[in-house]
Amino acid sequence: MATEALALTGIDAYYGDSHVLYDVSFSLGEAKLLGLLGRNGAGKSTSMAVAMGILPPRQGTVSVFGADITGKPPEAVAAQGVALVPQGRRIFKSLSVAENLLVAARPPRKSQSNRWDFDRVYAAFPRLKERQGQAAGLLSGGEQQMLAIGRALMGNPRVLLMDEPSEGLAPQIVAEVMATVKRLKGEGLSIILVEQNAQLVFDVADDIVVLNSGRVVVSGPAATLSHTDLHQHLGVY
Amino acid sequence: MTFWSLLTVNSITFGGLLFLLSAGFSLIFGLMRIPNLTHGSLFMLGAYVGATMVGGLIGISTDFWIAALVATIVVAAFGAVIERFLLRQLLGNERAQVLMTLGISLMVADFCLMVWGGDPLNMSTPAHLGGFVRAGPLAFPLYRLAIIVIAMIFAAALWYLLDRTRLGAMIRAGVDDAEMARVVGIRVSRLFTIVFALGAGLAAFAGVIGGPILSVYPGLDQDMLPLALVVVILGGTGSLLGSFVGSLIIGFIYNFGQALLPELAYFVLFLPMLLVLILRPQGLFGRQMP
């Protein structure tokens, strides 16, 4: 069996008293891209919150490259090499573009071949370099998304969690974001891509997991899944 | 003429003290989302420690500035202990944390009363800063001008720390979105301790250098805390510029109010706070709280 970059096993999670994830299990292979699909409220973002340590699960385990990180706080999960590009981007609005990258910088691991620093992030997103001194809150939506991705990369992650990076962006910008995702995957980063738009994911994903009402309803290699399977759980896409 | 210019200098001096007191209060509020009700107590504790050392402890009188340094370090350490071992236990429960700070402030007040008694301690100004500076027909107390200079230096240093260093950027990131700051790997809990200790140290330092002007007495804590609160509400929480401008405004209102409308001094003081709360609740320089 190939190394699992990230694995959720038997996760039950609650927001207060409300039960939002039921026995959710899936795993992301090393250097693979897992597409996590589902309708609004299916539990996609909650799964990412559990993986990142923001929401501790009541049952089940989370592991990163075999190390159990269940119940660890987000800063410890980040130290294990997991980075999140959150839904809504959540860049630090009052910080400058450069400061957003600076606060997230983390030295690369010894074994790491693709090392991220200011120069590489700016080379990947030239718009950020042009605007490095500006307050991040003044960036356009597309630029904020670039910054959120760049910020995550500054942590030199082994696992990248991307929560609806296409949300609210113009088609041209979405294409740019997806090109970046492909490039990162090509460089060997293990990625979970959360999307409502299944079409976007099918182009790049090795594996697909579909959530519905907090349960895994479909799980398997992207190539073997029939569109009718998905249609049933996602509706029109 | 003399009256007005002296009142102006006094206002700016008091504004400088308020800035040292409220900068930390504002940062703690911005980052931890709690009004630290021990802040007045930390000011008073610093003042007592400083006054005691300057006045002579077991017969040995300490240099004013060494006393100020020692008081600052002692109270900063006390602040770090409060944060690490008491507030940390109530993480995420902000209401309980506020009540905890209130409880600690009452205990500090009792402790000070027990150790130093009910009589005010008078603190003399440092010897080299006695006397007056003459400008034409006017004469200004040198010590008050020195406080203004010190406050400006601290304002510049704090600005540099917050605006130009990685630690400062991390603190601002925590004020912006604490959860996201943790997600990118910032140990926000460590920032809490640093900021709390920094705020406590600044308050204590303000207490010492304010000692010769205000004297040190039981109840000094409860006189200073509302002023810090007004400054921060006026200027906006988590904003250094807000604390700076708010402190100057309150420095003027407090001194002019007491001189011109002594019966209405508190009314004049809290009126701008009410207006700001009604018209611009995030304060003059604050951002909308999420």
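**Sheet and chain contact in a predicted model**

Mentor: In this predicted model, A:G35 stands opposite A:L193 in strand 8 of chain A. Local features need pLDDT of at least 70, and side-chain atom pairs count only at pLDDT 80 or more, while totals for chains, interfaces and linings use all residues. Residues are numbered from 1 along each chain as its sequence is written, with chains lettered from A and ligands numbered from 1 in the order in which they are written.

Trainee: Why are strand 3 and strand 8 of chain A said to pair?

Mentor: Two strands pair if DSSP finds at least two bridges between them. Strand 3 (residues 33-38) and strand 8 (residues 190-195) of chain A have 5 bridges, in the parallel sense, and therefore pair. Strands here are DSSP runs (E, at least two residues), helices likewise (H or I, at least four), numbered from the N terminus.

Trainee: What makes strand 6 and strand 10 of chain A edge strands?

Mentor: The open sheet of 6 strands in chain A has the order 6-7-8-3-9-10 with mixed pairing. Strand 6 (82-85) and strand 10 (215-221) of chain A each pair on one side only.

Trainee: Which strands of chain A does helix 6 touch, and at what angle to strand 6?

Mentor: Helix 6 (residues 141-154) of chain A touches strand 6 and strand 7, its direction making about 175° with that of strand 6 of chain A. Contact requires C-beta atoms, placed from the backbone, within 7 Å; angles run from 0 to 180 degrees between N-to-C directions, along lines fitted to C-alpha atoms, for helices over the stretch in contact.

Trainee: How many residues does each chain bring to the contact?

Mentor: Chain A brings 21 residues and chain B 16 residues.

Conventions. Contact = placed C-beta atoms within 7 Å.
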